[in-house]
Amino acid sequence: MTDVQTRTVEELTFPPEFLWGAATAAFQIEGATAEDGRTPSIWDTFARIPGAVVNGDTGDVACDHYRRMPQDVALMRDLNLNAYRFSVAWPRVRPDVGPANQAGLDFYRRLVDELLGAGIRPWVTLYHWDLPQTLEDAGGWTNRDTSYRFAEYALSVHDAIGDRAPTWTTLNEPWCTAFLGYTGGQHAPGRQEGVAGLVAAHHLMLGHGLVVEELRRRTATADLGITLNLTVADPHDPTDELDRDAARRIDALHNRVFLDPILRGTYPADLLQDTADLMWQGRPWADVVRHGDLATISAPIDVLGVNYYKGDAVSGRQHEDVTGFAGDHAERPTSTPFVGCEDVTFPSRGLPVTDMGWEVQPEGLTRLLKRIHDDYDAPVMYVTENGAAYADTVAADGTVDDPDRVAYVEDHLRAVHAAIEQGVDVRGFFQWSLLDNYEWAYGYGKRFGIVHVDYDTQVRTPKSSALFYAEVARTGRLARGGPTP
Ligand code: FCB
């Protein structure tokens with residue numbers, strides 16, 4: 001017997017063309033919120049509502065990426081990344097929904113130039129939650145007109161960088177925009193209007209479809225798609241009928257509400273039945289779905305971005321130890337984002353949790369990817385976000401060792417590889433996030449970066465997880481193990 005055991009972990013090889021990327025979002029990193037003609041977004045407004053964001057943090061400075069962009073791109077090159085998923089700020093491009101603002105567009109022109117010069121593939125997200133406040137004042141995503149304004153804005157972005165950006169995703173996580181923004185109130189604009197989330201979800205998807213149709217007309221070669229955040233809704237007790245039904249309802253309101261219209265051109269029948277009594281402006285909410293909308297929404301896409309952090313155990317009964325929703329720790333009271341599911345709880349499973357309180361559940365990612373592959377005629381998939389917040393410490397020598405995040409990254413990459421082995425066509429992975437940044441209603445307190453940001457000095461320090469990921473990106477291989485005590 002020996003007291004040193006060998007951890008035999010299989011070495012895994014990823015496909016040769018795999019994209020090794022990192023993701024960010026404009027509002028979370030850019031700062032410079034009043035520069036070069038940018039006007040306020042709903043997040044500028046929301047951050048100023050007392051109690052809405054922890055510590056009252058705003059996006060005014062963030063990571064100062066608007067000014068430091070060339071250095072940040074060089075950093076990505078040094079980390080061997082071959083793709084970068086960024087979002088474009090609508091209020092820079094069409095301030096107050098007016099004409100295209102060339103000064104705002106210039107930033108993204110320079111960014112794309114810089115990326116291409118560094119051999120990094122630009123991956124555009126058109127909407128990562130920073131709706132122009134002017135549009136919210138007119139009803140935001142509950143107003144159908146916003147979908148058409150979104151298409152106009154998308155064409156302005158395409159005019160500027162369409163010739164050089166190969167991948168275009170319309171929306172990031174419409175679930176959050178719709179249900180955290182209009183039902184639960186955890187996110188901007190902070191409305192808590194129940195069924196408004198479903199109305200917003202429909203208009204978001206309509207905007208997505210309009211943009212796909214327009215961009216498809218303009219380009220035959222670009223990859224077009226959307227990024228969804230999906231959960232794996234497991235009944236807390238699979239033998240309990242109430243828990244099974246609760247899991248079905250959450251699956252409908254979290255996953256199928258988007259997957260079915262986009263990939264099948266229909267709303268799930270059970271969702272329509274569950275929500276049939278919910279009225280919007282005096283009429284059944286589903287009356288907002290007009291003839292032709294679902295054909296637009298289901299315009300064929302080339303890529304599906306999947307964001308995954310964790311799945312959920314779901315119950316139809318009350319439990320003492322439950323997990324919360326993103327953002328519901330802030331002082332301002334919020335509601336459940338799951339309209340009509342006020343009875344549903346999310347019991348904790350006793351898994352390890354990150355600094356967000358989110359359970360670490362890598363096997364859920366394999367199941368999620370496989371499920372989309374099995375249940376839908378799905379396009380090529382990319383994991384467009386995965387990562388973890390941990391409370392990092394900077395050592396006296398300035399380094400940041402983050403073993404929990406290294407393990408999280410490794411375990412989730414293994415989960416993606418398992419899905420590929422099961423026949424799912426996954427072609428890339430994006431770390432959330434390149435940099436520590438503005439974590440929405442949590443402000444700057446939660447650090448998701450593989451690169452540490454000192455917000456006083458704006459100094460960037462790659463953490464151990466960045467160095468680990470850089471090696472995986474360089475070799476396309478994942479190896480760990482060896483003797484451990
Ligand atoms: C996702 C968001 C991203 C970031 C991560 C932690 O829901 O898309 O901006 O906040 O969660």
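I take axes as lines fitted to C-alpha atoms, for helices over the stretch in contact, with angles from 0 to 180 degrees between N-to-C directions. Helices (H or I, at least four residues) are DSSP runs numbered from the N terminus.

**Ground rules.** The model is predicted: local features need pLDDT of at least 70, side-chain atom pairs count only at pLDDT 80 or more, and totals for chains, interfaces and linings use all residues. Residues are numbered from 1 along each chain as its sequence is written, and side-chain values use heavy atoms, with hydrogens and water left out.

**Entry 1, H13 and H14.** I looked up how helix H13 (residues 362–375) packs on helix H14 (residues 403–421): the angle is about 25° and the axes are 8 Å apart. That makes H13 roughly parallel to H14 (angles under 35 degrees count as such). I then listed the contacts (heavy atoms within 4.5 Å). From H13, Pro362, Leu365, Thr366 and Leu369 meet H14 residues Asp411, His412, Ala415, Val416, Ala418 and Ala419. Sorted by class, this contact has seven nonpolar, two polar and one charged residues.

I checked helix H9 (residues 196–218), which has 23 residues. From first C-alpha to last, H9 reaches 33 Å, close to the 33 Å expected at 1.5 Å a residue (1.5 Å times one less than the number of residues). Of its 23 residues, 18 are buried, so H9 is largely enclosed by the rest of the structure. Buried means under 20% relative accessible area, with a 1.4 Å probe and protein chains only.

I found Asp72 in helix H3 (residues 65–78). Asp72 counts as buried, at 1% relative accessibility. Leaving aside neighbours within four places in sequence, I find Asp72 in contact with His65, Leu435 and Arg460.

Terms used
Helices (H or I, at least four residues) and strands (E, at least two) are DSSP runs, numbered from the N terminus. Angles under 35 degrees count as roughly parallel, over 145 as roughly antiparallel, 65 to 115 as roughly perpendicular and the rest as oblique. Ala, Val, Leu, Ile, Met, Phe, Trp, Tyr, Cys and Pro count as nonpolar, Asp, Glu, Lys and Arg as charged, and the others, Gly among them, as polar. Buried means under 20% relative accessible area, exposed over 50%, partly exposed in between (1.4 Å probe, protein chains only).
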